Amino acid sequence: MRIGAHVDPTDPLAEATARAADAVQFFLSDPQGWKAPQPRTDADLLRDAAVDVYVHAPYVINVATSNNRIRIPSRKLLLAHAQAATAIGAKGLVVHGGHINAGDDPATGFDNWRKALTFAAEAGGFGLPVLIENTAGGEHACARRLDALARLWDAIGDHQVGFCLDTCHAHAGGEELLGLVDRVKAITGRIDLIHANNSKDRFGSGRDRHDNLRGGTIDAELVVAVIQAAGAPVIVETPGGTDGQSGDIAFLRGRLGPKTPSR
């Protein structure tokens, strides 16, 4: 079981060492901005590291929307981040499922996802797995509730995409964690990465506020059960910096087993 954390991008390998982490996840550019990622001077080190690397795409990306001023730049930025993530040897690029506008036909959002993946394939491909992540809020989200996720996978399941399951997002989005892995796999056939986060807010709140694993409103043992059922690598995106995340990693190792050998 590979367990790691979302860290500052300045020196991800040092952050991994500080947390005794098997894996790191980080942004390659401003998560709230539209600038394409720049080549990293530590690309060789990241590619050769024993630590597994994941990249999170910017939050602004929304390939589902009918607003072309957002949709077209989103699919271009998604491809740019995938190519930059491939260049540093990342195992996956995590991207939120996006949403449509109020009043739009939901089918439009799912079809726009298909078009984005077709655009990337015609441009030479992503180069690594793109892992679509479930989201916590929004009545018009493409990957908040499982009924929407099923429609999304009907549209894009024949493309080479994976799935990232966030426990805080599921809880806040109104999906029970008990038995969730089986329900997700019945739709996607896979879970490639777990974002193991507790939630500061109640079930179904729609609010995306992470808490440390032994805090928040989710029973920490439910988060452990999700990880055990999924059998996928784990990233904690929890508060408290090095100390907070180290505590969460240590808690999971105590429940799931010792640090695993490097790749």
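**Burial, contacts and cores in a predicted model**

Q: Is G206 buried, partly exposed or exposed?
A: In this predicted model, the relative accessibility of G206 is 24%. Buried requires a value under 20% and exposed a value over 50%. Because 24% falls between these limits, G206 counts as partly exposed.

Q: Which residues does G206 contact, leaving aside its neighbours within four places in sequence?
A: A contact requires heavy atoms within 4.5 Å. With the sequence neighbours set aside, the partners of G206 are A136, G137, R144 and A172.

Q: How far apart in space are G206 and E139, C-alpha to C-alpha?
A: Along the sequence, G206 and E139 are separated by 67 residues. In space, their C-alpha to C-alpha distance is 9.0 Å.

Q: Is N197 buried or exposed?
A: N197 sits in the loop between strand 7 (193-195) and strand 8 (198-199). Beyond its neighbours within four places in sequence, N197 is in contact with residues including D166, H210, L213 and E237. Its relative accessibility is 0%, and a residue under 20% is classed as buried, so N197 counts as buried.

Q: Which residues have the most contacts inside the largest nonpolar core?
A: The largest nonpolar core comprises 72 residues. Helix 5 (residues 146-156) contributes the most to this core, with seven residues. A second, separate core of seven residues includes Y54, L131, L193 and I235. Within the largest core, the residues with the most contacts are I194 and L252.

Q: Which residues does L252 touch, not counting those up to four places away in sequence?
A: L252 is one of the residues with the most contacts inside the largest nonpolar core. Beyond four places in sequence, L252 touches I3, A196, L213, V224, I227, V234, V236 and G257.

Q: What is the radius of gyration of the protein chain?
A: The protein chain has nine helices and 10 strands, and its C-alpha atoms fill a box of roughly 45 × 40 × 30 Å along the principal axes. For 263 residues, a compact globule would have a radius of gyration near 18 Å.

Q: How far apart are the centres of the positive and negative side chains?
A: The protein chain carries 27 positive and 31 negative side chains. The centres of these two sets are separated by 2 Å.

How values were computed: Residues are numbered from 1 along each chain as its sequence is written. This is a predicted model: local features need pLDDT of at least 70, side-chain atom pairs count only at pLDDT 80 or more; totals for chains, interfaces and linings use all residues. Side-chain values use heavy atoms; hydrogens and water are left out. Helices (H or I, at least four residues) and strands (E, at least two) are DSSP runs, numbered from the N terminus. The radius of gyration is taken over C-alpha atoms; the globule rule is 2.2 Å times the number of residues to the power 0.38. Lys and Arg count as positive and Asp and Glu as negative; His and the chain ends are not counted. The place of a charge is taken as NZ of Lys, CZ of Arg, CG of Asp or CD of Glu. A nonpolar core is a set of buried Ala, Val, Leu, Ile, Met, Phe, Trp, Tyr and Cys residues joined through side-chain atoms within 4.5 Å. Buried means under 20% relative accessible area, exposed over 50%, partly exposed in between (1.4 Å probe, protein chains only).
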